[in-house]
Amino acid sequence: RTFTVQERQRKYRRILSEVYQESLLVNMGERLSGQGIAFATGLLAGSIATLVLASRRENEGKQRHASEEDVSSSSPSPSSSKPQSASIQQNGDASQQNHPTKSSRLPPEIRSEMLSRNSLYFSSNNNDGGMDRITDSSVLIVGLGGVGSHTAHMLARAGVKYLRLVDFDQVTLSSLNRHAVATLNDVGLPKATVLCNHLRQICPDGERLVLDPIIKMYTGDAEKDGGMLEPPEGREKWDIIIDAIDDVPTKANLIAHCAKRNIRVISCMGAGGKADPTRVHISDLRSASRDPLATAVRQKVRQIGKREAKANGIKITNGSGVANGGWLSCIDDDSKLAVVFSSEKVVAKLADITDEQKEEGMHNFGAVDNMRVRVLPVLGTMPAIMGQALAAMALCELGGKPFSPVGAERVGRNVRHKLYQHLKSREKKLEDSLKPSLRKGSANYTTEGIYIGPVQIDPDDVEYLMSELWKNKCGLSGERLGTVLELHRWDKCRPASPSNLVLMSVKAAQKFEKDFEELGDGRKGVDAEVKRRVEARLAMCVLDAEDDY
């Protein structure tokens, strides 16, 4: 049964009158804990906000009804009967949607209730201001197909203020199995326009959600692209750029553009021909395994870097790791470029070339020149999952509550045990050598302020430190499991706890410990940028965090 607005209002009023009864409130205060009271308060606030919204809808409906009666005597022309959204769909111009009328502005209490669950999440653990950062952020999304449309959809729902949506393509019948919002009526319309029309229904207020659709192909050519990648007016750069392109050259060009300008970019690799959601990972580009698109993009990015380096007389070593410096380090540094990929082996190949394509020529079947022609099998769930993963990572970083993705590689039990024992042995030797210099009255600190004592991790913590925190690579040089890795204390004035242990290669560790002996602090010999990156990674450690449950 469908309830009318009046019936819903009566229902909310009845609930509110019951909640407001003094006897009920007293009873609730006696029985509920502090969390229960907070929940009841939230429920009451939600009911009030819903009632306000229902009243506004009713008033708007009455105004529309009165207007229709005023013009009912005149026969509208075919052009005047077309909805406003249809005209926007035709020309792709959604700028008029960003100038709110009085009826489209959302009252603060309504907007606050819409974002209340996200606000609770980002305000936990003393993370004040997280939601404010999201609602003042600007994000550029390039590619609005199965992946990008889901990312844009969730970012708009989560409160991101400015979204520039770039895609040259139109909605097709075959894209309906994976697009986030497109319907049969949208077939033939630009994807950017269709997405804007839908997102505007979620948030009609053009001041709180600014939509900037660009129906144009990104090429990487500054002259052709114009100001497509330029940040919004009044901002120095984008907070985050989302790469949801499925073409190798343009994908590599976008990544290179961001890396050179130190713009945070989160990129999605191949979603076609795969189905297993448990194989989806987030990592740096080099760690993306069993992904043909990631391999091709990695090679193309490196080609761009080598070509520029040759032109500038710079030599690039065989490994384009962190140790090389420069923008190419984004390949190994997920704090610059994070990629969402599936480690599942492709189980469905590209569709065969048809006789018609062979006869008329493959170049006549592409949407645009130099784009893939053969059809890629896509299960609609995989692009959606990967698009949501992009949105999750972007929101958590914007809200000041980033997470550290679990790496695809697992560390063997013997390796974990070996690293743990080596760490204990090394710390015990340091303790024995520095005991004579203990500060008077202290059992753990020397006169130089160095901490000595037992390590504060167990063997189970080693896997987290290696796989999740340090991604199985040296925190100083970027070297991987191909070399011998050990855990070393970063700040000798603090205990060997999870947030003070860095995974290092033998070579990097030897230099670090030598600098400690000669300079009094191994960190003094570490490059400033490497030191910043290491300490940012240590700050993400969750093993030392207090449990709120």
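These legends go with a few close-up views of one protein chain, and the model is a predicted one.

**Figure 1. The whole chain, before we zoom in.**
Let's get our bearings in this protein chain, which has 18 helices and nine strands. Of its 549 residues, 45% are buried. Now look at contacts in the chain with a separation of 6 or more: residues 24 or more positions apart account for 70% of them. The accessible surface comes to about 29,600 Å², and 51% of that belongs to carbon and sulfur atoms.

**Figure 2. Tyr445 and Tyr451, an edge-to-face pair.**
Searching the whole structure turns up four aromatic pairs. In one of them, the ring centres of Tyr445 and Tyr451 are 5.4 Å apart and the planes meet at 75°, so this pair is edge-to-face; the cut-off for that label is over 60 degrees.

**Figure 3. Trp490 and Phe512, a stacked pair.**
Trp490 has a relative accessible area of 2%, so it is buried. Phe512 is buried too, and its relative accessible area is 2%.

**Figure 4. Two lysines over aromatic rings.**
Check out Lys260 here: its charged end sits over the ring of Trp327, 5.5 Å from the ring's centre. Over in another spot, Lys401 lies over the face of Tyr121. In that case the distance to the ring centre is 4.1 Å.

**Figure 5. Helix α16, mostly covered.**
How many of the eleven residues in α16 (residues 459-469) are buried? Eight of them are. The buried set starts with Asp461, Val462, Glu463 and Tyr464, and it also includes Leu465, Met466, Ser467 and Leu469. And what do these buried residues pack against? Their partners are α15 (413-434), β8, β9 and α18 (528-538). Just after the helix comes Lys471, which takes a positive phi of about 55°.

Definitions and conventions
Residues numbered from 1 in each chain as written. Predicted model: local features only at pLDDT ≥ 70, side-chain atom pairs only at ≥ 80, totals over all residues. Heavy atoms only, no water. Phe/Tyr/Trp six-rings, centres within 6.5 Å; stacked < 30°, edge-to-face > 60°. Buried < 20%, exposed > 50% of the residue type's maximum accessible area, 1.4 Å probe, protein only. Lys NZ or Arg CZ within 6 Å of the ring centre and 35° of its normal. Helix = DSSP H or I, 4+ residues; strand = E, 2+ residues; numbered from the N terminus. Contact = heavy atoms within 4.5 Å. Areas by Shrake-Rupley, 256 points an atom, 1.4 Å probe, with all protein chains shown as cover.
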